[in-house]
Amino acid sequence: MKKVYAFDFDGTLTDRDTLIEFIRFVFGTPRMVWGFMLHLPWILLMRLGLYDNGKTKERVFSHFFKGMTIDEFNDYGSRFAEIHCHIIRQEMDDLLDNIIMDGADVVVVTASVTNWVKPFFCPSSITVIGTEAEVRDGRLTGRFATPNCYGPEKVRRLLELMPNRSEYELTAYGDSRGDREMLQFADKHFLCKERSGRTYIQWLLKAFRVKREERLPSLLLLVFFIVANLLVVNKYFSVFSLTDGDLLKQQMWTFEVSGFDPITYTVLSSWDAAYDPYRHPLLAFFLYPFYLLNSTLANVVGINLVQFVVMIPLVFFAYYSFLFAYRICREIIGVSRFDAFLLSYMLFSFAYVMVTFVVPDHFAPSMLMLLMAIYVSGKCMQRGRRLNIRQTWLLFLFTAGTTLSNGVKVYLDALFVNGRKLFRPKYILLAIVVPCALMWAFAAWEYSRFTEPRMERAKAKMINDGKIEREEMFARFCDTTSIQDSARIKAVFDHQMRVLRHQRWLANQKKMNNVNKGEPLEDKGFLKWTDISTSRWESIVENVFGESIQFHQRFLLGDIMKKRPAIIEYDTWLQYAVECIVALLLIAGTVFGCRSRFFLMVACGVAFDAFIHLVLGFGLNEVYIMTAHWIFIIPIALAFLLKSVAGWPLRLLRVLVVALVVYLYIYNVSLFVGYFMA
């Protein structure tokens, strides 16, 4: 019987994804990265299984190659194969030679476009089946002439080439989900092991792959946050669907969910680097692809769909924050599957974790990035590996780019993972000094390019408005006064203006935002955000371990800038009892966890937050909105506690945690829904 060998190409015969490498070869790294950033929404939807793999790939292909002549495209393919011949794995190259010498047929079945795959095997007897690019009038249209050669399509194309299946024995080699059907179709199959040459884009994509055991439990949370986000959309759609007017003013003063800012809505409605560049230096630029998506939709449908567009990343952040919390408990700490899911659901039962993933602020991406950094660092500890320079760069880019202070936590993680090797001159220079300097330089450029001109325009407008108001008031005063002497008129008017300014100042001091504002260490720079006067104990009881975990019924989701006091007490003893139980469980978990280097790493990151908020008082008057930055230590500590006990204490502890989770969902969800349905 004739023998046929079918090989996948990307990752099986090669050590990397050639679509990414080919685009990098033709256009360079900056344009490649930018192109993928523009298509990030579709890539994320594809990873969630909500958008077709082939359509996503076609969109990316069209962006880069539409309009290029076929001769130029083929020339790039030939030169790419010639220059990148080293990406063919040596052991697979030797295997191909042996198979061909034995007289067997070899077919390469790939999802990549054949124009850059075939040159790797010319001249040879190897047949290449792949995705074909559509050509009209000698130019690429940007579409595919055949379906994407992925999954079942690989089997169909094989049968199209060799239909008499009973006449040959098929042996297949693959490495990924896209090869599963071909491997099952074969008489013999080999799943290639993970490559050490995996690119960092592939490494990231693998980290976001949903595992079989995670699907059903995580689906429940996914549905919950889709519904929760729709409640927010419903409450504010009449305002944020507008396409004209002063969007910033409308959104800033209409949106009221605690102290969260709707700046993301304004950025996606009319793009600008509207965040504080020294606190969120890259966040607006991360959101630029979503601005393009929102602009496209607004042009098509005629209304602003910014809330629906923002739902995409918010639901994504919630879903993967849940998965990374589960993986930390399950894979790194090592608790049972039930306990890992129980603790993950506990994390999302906390009041301001729920709120974090429905508001258009920076806390949702921050929580995901922090959990991902903790997970990656824990995996490195497990395998005895170091966080290398490129991994540190990548984690720092996303965490510090979203919220600058989070970059400190990445370096704390690196310290626990790498130990003394962190202090090697090369690592300090390339992984710490250079990225910090570049991030700060970018923030300074962003401030001078976007923030400073905007502030100057606002200041000039305020001065001009004040001048116009003064002139109008002076004209009215002149018309009504009985004073004849012009100098006397001016003196009396100036005195009245000083009295009016003082009255306005007094009225302003009585506004809730100034009443709640603590006394700063110094009223300039970063120190203006500090607070040395607000009670620490009351803040810990009512806000840090209070509001963060359970909503206060009075002033529910109120904003301290408008009507909510900084400190609110609960109405019944039950909320304090729950708070006390959670605090005791955290302390018990810390006692057992402090023997673990991994737990100490997480605790040091939380200690950094405690220093910022409780010692310096940064944002202390509304510290509960910072919940996403630290509260994951509670389920992590509980995971160590659950792992350390057995028998009836374990069963009792599980019953207690289940009861807490059920109570928190009932209590918090009822208040949450009531607020947004009102």
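Me: Which range of relative accessible area counts as partly exposed?
Reply: A residue is buried under 20% relative accessible area and exposed over 50%. The structure above is a predicted model, and its residues can be sorted by these limits. Partly exposed is the range in between, from 20% to 50%.

Me: Is phenylalanine 474 buried, partly exposed or exposed?
Reply: Phenylalanine 474 has its place in helix α22, which covers residues 425–480. Its relative accessible area is 31%.

Me: With which residues is phenylalanine 474 in contact, leaving aside its neighbours within four places in sequence?
Reply: Phenylalanine 474 belongs to helix α22. With its neighbours within four places in sequence set aside, the contacts of phenylalanine 474 are Ile489, Lys490 and Phe493.

Me: What distance separates the C-alpha atoms of phenylalanine 474 and tryptophan 630?
Reply: Along the chain, phenylalanine 474 and tryptophan 630 are 156 residues apart. As a background to this distance, the C-alpha trace of the chain spans about 115 × 70 × 55 Å along its principal axes. The separation between the C-alpha atoms of phenylalanine 474 and tryptophan 630 is 55 Å.

Me: What percentage of the residues of the chain count as buried?
Reply: The chain has 29 helices and seven strands. Among contacts between residues at least 6 apart in sequence, 71% join residues at least 24 apart. Of the 678 residues of the chain, the buried share is 52%.

Me: Which residue in β2 is the bridge partner of valine 4?
Reply: Strand β1 (residues 2–7) pairs with strand β2 (residues 105–113) in the parallel sense over four bridges. Elsewhere in this pairing, alanine 6 has valine 107 as its bridge partner, and phenylalanine 7 stands opposite valine 108. For valine 4, the bridge partner in β2 is aspartate 105.

Me: How many bridges join β1 to β6?
Reply: Strands β1 and β6 run parallel. Within β6, threonine 171 is the residue that stands opposite tyrosine 5. The number of bridges joining β1 to β6 is six.

Me: How many of the nine residues of β2 are buried?
Reply: Strand β2 pairs with β3 in the parallel sense over four bridges, and there valine 109 has isoleucine 129 as its partner in β3. Strand β2 is mostly covered, and its count of buried residues is eight.

Me: Are α20 and α21 roughly parallel or roughly antiparallel to each other?
Reply: Two packed helices are described by the angle between their axes and the distance between the axes. For helix α20 (residues 389–402) and helix α21 (residues 406–418), the angle is about 155° and the axes are 8 Å apart. Angles over 145 degrees count as roughly antiparallel. The two helices α20 and α21 are therefore roughly antiparallel.

Me: How many charged residues has the contact of α20 with α21?
Reply: From α20 the contact takes Thr392, Leu395, Phe396, Thr399 and Ala400, and from α21 it takes Asn406, Gly407, Val410 and Tyr411. By class, five of these residues are nonpolar and four are polar. The number of charged residues is therefore none.

Me: In which kind of crossing does α15 pass α16?
Reply: Helix α15 (residues 288–301) packs on helix α16 (residues 306–333) at an angle of about 145°, with the axes 9 Å apart. Phe290, Leu293, Asn294 and Leu297 in α15 meet Val306, Val309, Ile312 and Pro313 in α16. By class, this contact has seven nonpolar residues, one polar residue and no charged residues. The crossing of α15 past α16 is right-handed.

Methods. Residues are numbered from 1 along each chain as its sequence is written. This is a predicted model: local features need pLDDT of at least 70, side-chain atom pairs count only at pLDDT 80 or more; totals for chains, interfaces and linings use all residues. Side-chain values use heavy atoms; hydrogens and water are left out. Axes are lines fitted to C-alpha atoms, for helices over the stretch in contact, and angles run from 0 to 180 degrees between N-to-C directions. Angles under 35 degrees count as roughly parallel, over 145 as roughly antiparallel, 65 to 115 as roughly perpendicular and the rest as oblique. Contact means heavy atoms within 4.5 Å. Two strands pair if DSSP finds at least two bridges between them. Buried means under 20% relative accessible area, exposed over 50%, partly exposed in between (1.4 Å probe, protein chains only). A crossing is left-handed if the near helix is turned anticlockwise from the far one by less than a right angle, and right-handed if clockwise.
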